[in-house]
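Trainee: I'd like to learn how to read charged pairs, helices and cores in a model. Can you walk me through it?

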Amino acid sequence: MKWSRNHIYTLKEAPGDAEIPSHKLMVRAGLIKKVAPGIYTYGNLGLRAIRKFENILRDELNKRGSVEVLMPMVQPRELWEETNRWTEMGAGLLKFQNRNEHYFCLGATHEEVITDYVRHDIKSYRDLPRALYQIQTKYRDEIRPRFGLMRWREFIMKDAYSFDEDQPAALKTYEIFYEAYRAIFNRLGLDYRIVQADAGNIGGSQTHEFQLLAAAGEDALLVSDTTDFAANVEVCPAIDAEPIVSNESEKVLEKFETLKQRTIQDLAKFTGVEAKFLVKSLFFSSNDGTNPKDKSVKPIAVLLRGSDELNPIKLKNLLGLTNPPPMLTDQEVRELTGASPGSCGPVGLKCPIYMDHGVQGLKNWIVGANEDDFHLKNVNPGRDFQVTKVADLRLAREGDKCPESNGRLKAYRGIEVGHVFYLGTKYSKMMNANYLDKGGKSLPLEMGCYGIGVTRTVQASIEQSHDGDGIIWPKAIAPYQVHICLLDPADAKVSGFAERLYEELTAKGFEPFMDDRDERPGVKFKDADLLGFPLRVVVGGKGLDNNQIEVVERRTKTQHKVSATEVMTTIEKLWPQIK
């Protein structure tokens, strides 16, 4: 491809709404152009990278027996109502009516559609196993789309679904997809981690995320410094490296005045007791809003050390909810406790009380007295109030103990690009997707779900692989492979050499791109760095006269000055070493 025949318009500056490096570079390089918030047009270069990644996906999945299908983006309400997700998915599911006043949604995910697709065909164990996948446009009505293709409304995703007889077979299929994903991301040559994760609205009892490491990543990851353990902070077990265990005997309960001491920091300063030895009380409703007809408040209390932070995903999972429980309003807290937030505690509460493991080692707590501007000291569970359940509820952090060793956890930022779920029978039971086993018994299909954000991965690769001058494409998805900078297009000798090199590269299976514009060399070099194809060949009159052609590796910026006859062999020699 030649620049003069393509539709490429680069920018010197990124628009003001581009916040992270990859978003800025994709806009500046013309890979994407904004149509509306969270909705973009893909330019030719962006689309080529996307299609190359899609081909990697197809190659790795097809060789493992998966079959490609294509499901509709527009889906009827009735299917989503079978699983209750018409309401559970909340405002992120874009709903609309057609001219016949029938309700539909734009597909945010396809569990309902694929289950409906197979339940009419799979009748017997002889029809199993099955693994189907698609590469499709999805739409999620993000409240605040940002970061370009990272968190936007319309995007391309590869989603696959497996169907098996029983759990052992389903978990075997899960492992097949797990290994397929490893192969896929290994082919990109990027730094990634496989981490334990939360299933969210998809559901399922086993799940892993594939995270590309990047400073601008939205996900917080914790990785062991001694083992392969890695987890999203949402689900990472919180284990104190040095647990606090008090040997004090229980003291007499006392109430004392704490005028205007509303926060843990205020209380620590007022009492001279470190925050990690204080206990804070948080209040939530166990009604997570999935049933819009149920407006009731179902209060619960959660006890944490003053220095710790609640993990809402752990609380959601402990309570068996679909979504994290909402915090009570100040008025609801007053109705429950009789006091304003900051003066509340567990003594005398008439609601379930959940306590984090980290609080267990403390004795003679200081907590709110459920009376404004008063606290209690020497409070102890069992004697002064009853705990409903003790659980791991705090947010894990760097320095915590590794769950698998005596090592420590290190913090990273990551971009989730892939997710594998073992769903079990969550959808098949609700949608009556059954089969007859060898004994003639009707059983629900065991399912798995496996997603990769195609457009997100392309941007994530740029977020991880760029420098101050522009993109550094992984060669597996580089839109073009060799960038020919033709410096003197009006010179027949120079342009003739560039054309012959272009044709030779094409004949040998390379994908060359020639900048044949009538522009200054400096402009062409700047754009070459911005576009970031793996190799650059500089062809100009001065170089040809001196029989010295420059071949540049984009990632390292290493320059190879070779004779005109050595250009092709140099490219062939360098190419296998390019990441």
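Trainee: Is K314 buried or exposed?

Mentor: This is a predicted model, so keep that in mind throughout. The cut-off for buried is under 20% relative accessible area. K314 has a relative accessible area of 10%, so it counts as buried.

Trainee: Which side chain does K314 meet in a salt bridge?

Mentor: The general idea: side chains of opposite charge can pair when their charged atoms come close. Here K314 pairs with D392, at 3.0 Å from N to O. The two come from distant parts of the chain: K314 sits in helix α8, D392 in the loop between β19 and β20, and 78 residues separate them. D392 is partly exposed because its relative accessibility is 22%.

Trainee: What other salt bridge links distant parts of the chain?

Mentor: Look at D308 and R394, whose side chains meet at 3.9 Å, N to O. D308 is in the loop between β15 and α8, while R394 is in the loop between β19 and β20, 86 residues apart. Both D308 and R394 are buried. They also belong to a network of salt bridges with shared partners, which joins D240, R305, D308, R394, R397 and D400.

Trainee: And where do E179 and R182 lie?

Mentor: Both are in helix α6, three residues apart, or about one turn of the helix. Across the model, the salt bridge count is 45.

Trainee: How many residues does the largest nonpolar core have?

Mentor: It has 62, and L31, F53, Y181, F185, F210 and W473 make the most contacts inside it. Helix α6 supplies the largest share, nine residues. Domain 1 and domain 3 each contribute at least three. Another core, of 27 residues, lies apart from it and includes L128, Y161, F421 and C449.

Trainee: Which residues of α12 are buried?

Mentor: Among them are F497, L501, Y502 and L505. The elements covering the buried residues of α12 include β26, β27 and α15.

Terms used. Residues are numbered from 1 along each chain as its sequence is written. This is a predicted model: local features need pLDDT of at least 70, side-chain atom pairs count only at pLDDT 80 or more; totals for chains, interfaces and linings use all residues. Side-chain values use heavy atoms; hydrogens and water are left out. Buried means under 20% relative accessible area, exposed over 50%, partly exposed in between (1.4 Å probe, protein chains only). Helices (H or I, at least four residues) and strands (E, at least two) are DSSP runs, numbered from the N terminus. Contact means heavy atoms within 4.5 Å. A nonpolar core is a set of buried Ala, Val, Leu, Ile, Met, Phe, Trp, Tyr and Cys residues joined through side-chain atoms within 4.5 Å. Domain bounds come from an automatic or database domain assignment. A salt bridge is a side-chain nitrogen of Lys or Arg within 4 Å of a carboxyl oxygen of Asp or Glu.
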